[in-house]
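Colleague: I am new to this structure and would like to understand how its descriptions are reached. Could you take me through them with the definitions beside the values?

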Amino acid sequence: MPTLNQENVRHLLRRTEIVDRPDRVAHLLTLGTIEAAVDDVMNVPANPPSASFAGIPANSNWRQGVRLSEHWMDQMASVERSFGERMAFFWHGHICSELGKVESALAMQEQVDLFRRRGLGPAAAGSSVAELVKTMAIQVAMLRYLDNDQNYANSPNQNFARELMELFLLGVGNYTEADVEAATAAWTGHNRPRWDINEYVFDEERHDSTPQQFLGREINQGDPREGGNDTINVILGLGPLGVGKIPPGAEKNQGRPSNEVAAEFLSYKLWQEFGEAASRTVPSGVAAAMRRALIENDFAIRPWVAAMLTHDDFYATATKTGLVRQPVEFLVANMIALGLDSERAGQLWLLDQAGQQPLYPPNVSGWKPNGYWVNASAMGARQLIVQGCLWALQGDTWAGDAGYIQFGENNANRLTKIEIQGRWQDGIDPISDEEFVDRVILYTGLRPPASTRDRVLAHLGHPDVAAWMRFDALFLLLSAPEMHIA
Amino acid sequence: MLDPDISTADAVRLLSRAVANDDPFSIDRRRFLQAIGMGLGAGLVAGPGTSLLDSVLPGHDPAAWALGPIGPTDGILVVIGMYGGNDGLNTVVPISDGLYYDQHGSLAIPAGQTLPLDANSGLHPDLGELKRFWDADQLAIVEGVGHMQDEFSHFNSMAKWMSGRPTGLTSSGWLGRWLDGYLGGNKDLFAAAEIGHSIPLHMIGEQSIATTVPTGRPGFGVPREWRTEADIALFGAVRDLAGVGASNSWLGRVGQSQVDQLELSATLSPVIPDEEQLPDTEVVAKLEVAARLINANLGFRVISAGFGDFDSHAGQPNQHPVRMQELNSAVQRFFATLDPAWVGRVTVMTFSEFGRTPFSNDGRGTDHGSSAPHFVFGAGVKGGFYGQRPSLAGLRRWERMPTHVDMRDYYGSVIDGWLGGGASDVLPGNRNDLGLFTKGPDANPVFPPTSQRSEFVAMAPERLYDSRSGIGGRTTAIGPGETVKIKIAGAGTVPASGVTAVAVNLTSIRPNTKTYLTAFPTGQSRPDSSTLNPRARSVVPNMTIVGVGNDGTISVYNNTSKVHLTADVMGYFQPSGGSSSASSPGKMLPLTPSRILDTRSGVGAAKARVRGGKTFTLQVLGEGGVPTSGVDAVVLNLLSVRPTQNGYVTAWPTGEDRPNTASLSYRAGRTIPNLAMCKVGPDGKINVEASTGQVDLVADVVGCFSDTGAQLSPVAPRRLLDTRTGIGAAKARVRAGGEVTLKVTGIAGVPAGAQAVALNVSAVRPTKQTFLTVYPTGERRPEASSLNPDPGAVSANLVIAKVGTDGNITIFNNRGNVDLLADVTAYFI
């Protein structure tokens, strides 16, 4: 069992709540054990509020999408136990849809809010992978994104059925083309009433009700509406149809129960998101714990996540140093440090340049981790994100006083205008560079290593750096490499 | 206390070594990189000129050619990825095949709408550009390309396509592995580019990885006008912070990419316009950026760009034509932006994950297919059909077309045919070469175009600027933070056009506090190096060679304090092969420094101090390695030793009147050097006169301008050496008798074959009165001095340094210890 200490608590918070806020660190340290800390972290609000599209014209999907993304990031930045929001973002990257194809921000909101409410949920919610995927499968967003709304008995469209297995539940190579065809048939009938109406309708006439063989089980023989769900039940080994078996014709894992393969696959994705992504492996201890948690709890989500977060492997050095913050995490960390909301610091176009714009995953497999973000062009965008946040903080003008006052206001007057300007004024001595930097560190809640602090101070002392450029300290603190590590 | 210089013996005359004219552009890039042992940090190059590029790339500096990083017959490959799976049947339409019309149903394109290729084939109606290439016999259509094992998952299929491996772990891609071989373990940011913000697998190697180039000017990393020096300091801090993590940790990799980003930003900012100025359609913008990168001759051999979405499971009639239009526009934009000189070097190819099903589904779409045709086109391509058209016969719904050309053969044919070979290293296994090319990459363009090199035209010195008296248009001191423009072209006897650079002696007069001045070509961003470090309340000269801006002026920036400035022009540089109204232009023959004048010991003149107001003549032709004929001007390091009063030295050609200029300004009691370029009189001599007092004069000849030798290419000043921070040499002061060996070629835009470099060398606060000697590494240290810094002060001098073994020069420090800086401003090749 991992020790409850500063370092581990900070690590846990950075991975789950994006930032290790001092007050959260202090609170968790009073709880006695890592398990209790994890429970606290997972005790997320039950009904997170939805974004409101008030004031945006009904057909303006782009702008509604912006509002949706910004609202979500604000939630990540401001909710006290934000792990639910962060977990929803994991699902958003794992079970993708994309606003450009879906063409409806309302539909995307329905999906995103499902992930926010049921992707983790407090204990009472009893969220499970099966329920999440089944609900999501017939929401308009997924129907449109993977074309299941055009999957008809007489003209099947394999897109959704294939990706459900390949990307969402099993992983590629663990099924045959015959299984894809069978699943496609089972998923027919879940459509929309008309091409331009964003509602769900089950059209029995379009449903292919011929029984199907899927992973060695007979499916699609009962209620036509449940034919699709049969595939999920079989894969995960839930319900009366029994668990599927990876067929001999598959590329790998032949003969293994499909729920085991699914548990491995899902755990791998979760570990890549929260643990470590470069090695493409999961340490065997935590892998086994996560797998067991899924299978023994009918793929309930909370025990599975808890199994990961309480395992020693999660607190190993390789795990702690092995994940790069995703662009959204990086922006949210900046927002938290500076006390900004997304209206002032949103910068979605920069998130795009950094490689990740919410609601627009590059393709159905979502975003790739780690190395994907670490290249010159994407890191350049992150520098601009920091600059943009600092400009938002200072208001519109560099030279005017207004900007400095705003920083003071955002931080409850913890740093006055005069202190920031660092110049003697009105009989008040300026605070020293050291004091300025230390106060900035205190108020932003950052915890830079001594080497960073020293270098920041050296910069402020540089002959070419004028007193009114003290804000550079913030830039350097927020762009230092340690800020990019999750 | 005796001057340290006196204690040495007579100057030893060294024969100048014949410098091998090692044209760096005749060796292949791999050897070039191995020779320099590090990646090229492509710096900006200064200087104006007109070239074809200016019309394509306004504001671009054509002297960037001088970087010449790619070999004389190196080809460039542009790869366009069509992501999602392109419907090949609707791209190269089998118009005579009835089965196509049956199976593709409402998606099929009527024969009459296609662009005719032959009796059986037509191109998608929106691919007019490709049709042009077809008509010119320069479009290869490779049919039935795929991988031999069917794979209908996007990701698996794309992974296989990108890796070039049908099975096994896909941790690297085919072009990444090619890059591994090309770079041989060296790092080079400018060899392969992916336009976009993420690197796809095919551009990732086992050791090397492509550089991401944004679609729009990098927004971070160029100093902002209102806080240039502070930004330079800020970027320095970013670099320092970035260096903390271990290189194999994510912390270290993040840091490294931040450093790379700064490097890229400096290089790419002049090359790529702001995003708003690029076309709206993403792939069109990407291909414009690709053409600009090629035009800028930064060294890229492979440029990749991807776009989508081709995955038309439904609604294909609305989707696919748009993709085809985008592809066509992108190709059109690319060739419209590409400088025609490069056309013979470029081949473009396409790829995708897989084709699509021949049977349409009722969503008016198609599903993941298997094989598809792909395009390879360019000046070297042999137009026509390759591979085999997959048959549609006997296919039922859900069945896919057979594959006839393994994608490894497709890639291998391009690597061997255009990228110089090595396909079998990159794509192991038996392969067939499809024979897609009629010829290899052109020898054009030639690097660098000789019209961009410059030759020196010596002048009798002329004062073109004096802020005290109004020469050059100014009668007030230069204020802090102020930049003044000094007119060069058309001023005095300097011609009004065709002037690429100027040799000018800048003298700062009595600033009230410490400051520094930087001279740079007008229109370029001011570099973070100093040309002149004037001492408070004194007169300090420095000779500099600086490129002239497009408007014929140079800019001089003053950091703090108020200071008066004079500028005396010794000569100018003009493009080789141009005509000149003055004497025939000269190429620079660099010499190992050799003392040809020393009035303390009677070398070159009487052994007596020179008296102010009296002219004496100095023989230069035939002395110190200077040839006896064909020489227009000499380059001398002049040294004034402990004059009795403040004054200045003027050097000018015999047979002309003494001009009112200064080659060197001296202060009572001090030892001050300055580089001078002096036109030689008809008798092979020059005149020298001190203005007042008595002074010993020493002159070391370091080069001369003649009809044989090297030509000037200025570079944007770049710091090569800073012992305070560990740039170029150890981070330690140079001790008494110590030497620093500094690499000066193959860096900062100076090619490996440069014969000499112009360096602004600064000595920072030596602990004792000392002298520095700069000489070619590998030669015996001559009795000559390049700088004579006073203890505790910062002093600088321009040094024309002949390059020694392995592209190095050596800087020797005589006494005390001192920090050294060196900024390169030009090279001679």
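Predicted model: local features only at pLDDT ≥ 70, side-chain atom pairs only at ≥ 80, totals over all residues.

Colleague: What makes up the secondary structure of each chain?

Modeller: Chain A holds 25 helices and four strands, while chain B has 12 helices and 35 strands; helices (H or I, at least four residues) and strands (E, at least two) are DSSP runs, numbered from the N terminus.

Colleague: How many of the residues count as buried, and what does that word require?

Modeller: A residue is buried under 20% relative accessible area, exposed over 50% and partly exposed in between, with a 1.4 Å probe and protein chains only. By that rule 63% of the 486 residues in chain A are buried, and for chain B the figure is 64% of 829 residues. The accessible surface, computed by the Shrake-Rupley method with a 1.4 Å probe, is about 17400 Å² for chain A, with 50% supplied by carbon and sulfur atoms, and about 27600 Å² for chain B, with 49% belonging to those atoms.

Colleague: Why is α10(A) called oblique to α13(A)?

Modeller: In general, two packed helices are described by the angle between their axes and the distance between the axes. Helix α10 (residues 159-169) and helix α13 (residues 258-274) of chain A pack at about 60 degrees, with axes 9 Å apart, the axes being lines fitted to C-alpha atoms over the stretch in contact and the angles running from 0 to 180 degrees between N-to-C directions. Angles under 35 degrees count as roughly parallel, over 145 as roughly antiparallel, 65 to 115 as roughly perpendicular and the rest as oblique, and therefore α10(A) is oblique to α13(A). The contact (heavy atoms within 4.5 Å) involves Glu166(A), Leu167(A), Phe168(A) and Leu169(A) of α10(A), together with Ala262(A), Phe265(A), Leu266(A) and Lys269(A) of α13(A).

Colleague: How do you know that α13(A) is largely enclosed?

Modeller: Of its 17 residues, 14 are buried, so α13(A) is largely enclosed by the rest of the structure. From first C-alpha to last, α13(A) reaches 24 Å, close to the 24 Å expected at 1.5 Å a residue, where the expected span is 1.5 Å times one less than the number of residues.

Colleague: What can be said in the same terms of α9(B)?

Modeller: For helix α9 (residues 282-295) of chain B, 13 of the 14 residues are buried, so α9(B) is largely enclosed by the rest of the structure. Its end C-alpha atoms are 20 Å apart, which agrees with the 20 Å that its 14 residues should span. Just after α9(B), Asn297(B) takes a positive phi of about 50 degrees.

Colleague: Why does Ser198(B) count as buried, and which residues does Ser198(B) contact?

Modeller: Ser198(B) is at 19% relative accessibility, and so counts as buried. Its place is in the loop between β6 (192-195) and β7 (211-213) of chain B, and, leaving aside neighbours within four places in sequence, Ser198(B) is in contact with Tyr372(A), Asn375(A) and Thr212(B).

Definitions and conventions
Residues numbered from 1 in each chain as written. Chains lettered and ligands numbered in written order. Heavy atoms only, no water.
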